[in-house]
Amino acid sequence: MDPRGHYRPQEDESRPGTSQEDPYRNQDIIRKKRKCRFSEEEQEILVKEVTEHQHQLFISSKLPLSRREAIWKQIVDKINSVAEERRTVTECKKRWHDCKRRTKEKMARNRKAAMQTGGGSPAQQEALDHMEEMVAAVFPEEIVTGIQGQDSADYHDTTHMQGKSYGEL
């Protein structure tokens with residue numbers, strides 16, 4: 001028992017892992033090494049291949065999941081042919097998602113700057129690089145320009161909805 005009256009078992013030399021001589025007791029935790037970033041070449045292959053197969057990967061709902069996964073595997077194989085480290089399908093899908101997200105954010109900042117009073121200044125807008133232009137080409141027009149003839153303020157007034165969901169408007 002310890003001074004507070006709690007039971008503490010004595011170290012038992014016969015049990016593994018309890019001896020002071022245990023070589024793993026004070027060993028540092030082995031950390032997983034982080035993979036290096038996608039190179040410019042890897043990213044370019046990813047964007048080029050995904051944009052070429054966008055209809056099959058994202059639009060065609062009749063295409064079986066196994067076929068879409070096979071397309072992703074082909075893309076990963078092309079990336080791995082030039083990569084320093086092997087990439088997985090999951091890593092490439094995440095990288096594509098991140099590219100899309102960053103491009104949308106940049107486009108939204110540019111749209112916001114253009115809508116400022118006085119039209120905004122071109123200096124406030126960030127030019128899209130070559131790969132961002134390729135990614136942006138995948139987006140439907142509504143994502144880039146917004147839905148024409150619709151004011152987002154209309155959606156804050158819910159009195160006209162009368163039991164309808166936003167999708168029914």
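Student: What volume does the largest pocket have, and which residues line the largest pocket?

Tutor: This is a predicted model, in which local features need pLDDT of at least 70 and side-chain atom pairs count only at pLDDT 80 or more, while totals for chains, interfaces and linings use all residues. Residues are numbered from 1 along each chain as its sequence is written, and side-chain values use heavy atoms, with hydrogens and water left out.

The largest pocket has a volume of about 260 Å³. A pocket here is an open set of points on a 1 Å grid over the protein atoms alone, where a 1.4 Å probe fits, with protein on both sides within 12 Å along at least five of seven lines; lining residues have an atom within 4 Å of a point. Grid points are joined across faces, edges and corners, and the volume is the space filled by probe spheres set on the points.

The lining consists of Arg-37, Phe-38, Gln-43, Arg-87, Glu-91, Lys-94, Arg-95, Asp-98 and Arg-102. By class, 7 of the lining residues are charged, 1 is polar and 1 is nonpolar (Asp, Glu, Lys and Arg count as charged; Ala, Val, Leu, Ile, Met, Phe, Trp, Tyr, Cys and Pro as nonpolar; the others, Gly among them, as polar). Helix 4 (residues 89-115) gives the largest share of the lining, 5 residues; helices are DSSP runs of H or I, at least four residues, numbered from the N terminus.

Gln-43, one of the lining residues, sits in helix 1. Gln-43 counts as buried because its relative accessible area is 15%, and buried means under 20%, computed with a 1.4 Å probe on protein chains only. Leaving out residues up to four places away in sequence, Gln-43 touches Phe-38, Arg-95, Cys-99 and Met-131 (contact means heavy atoms within 4.5 Å).

Helix 1 (residues 40-52) spans 18 Å from first to last C-alpha over 13 residues, close to the 18 Å expected at 1.5 Å a residue, the expected span being 1.5 Å times one less than the number of residues. Its buried residues include Gln-43, Leu-46 and Val-50, and the buried residues of helix 1 pack against helix 2 (54-59), helix 3 (65-80), helix 4 and helix 5 (130-136).

Notes: Helices (H or I, at least four residues) and strands (E, at least two) are DSSP runs, numbered from the N terminus. Buried means under 20% relative accessible area, exposed over 50%, partly exposed in between (1.4 Å probe, protein chains only).
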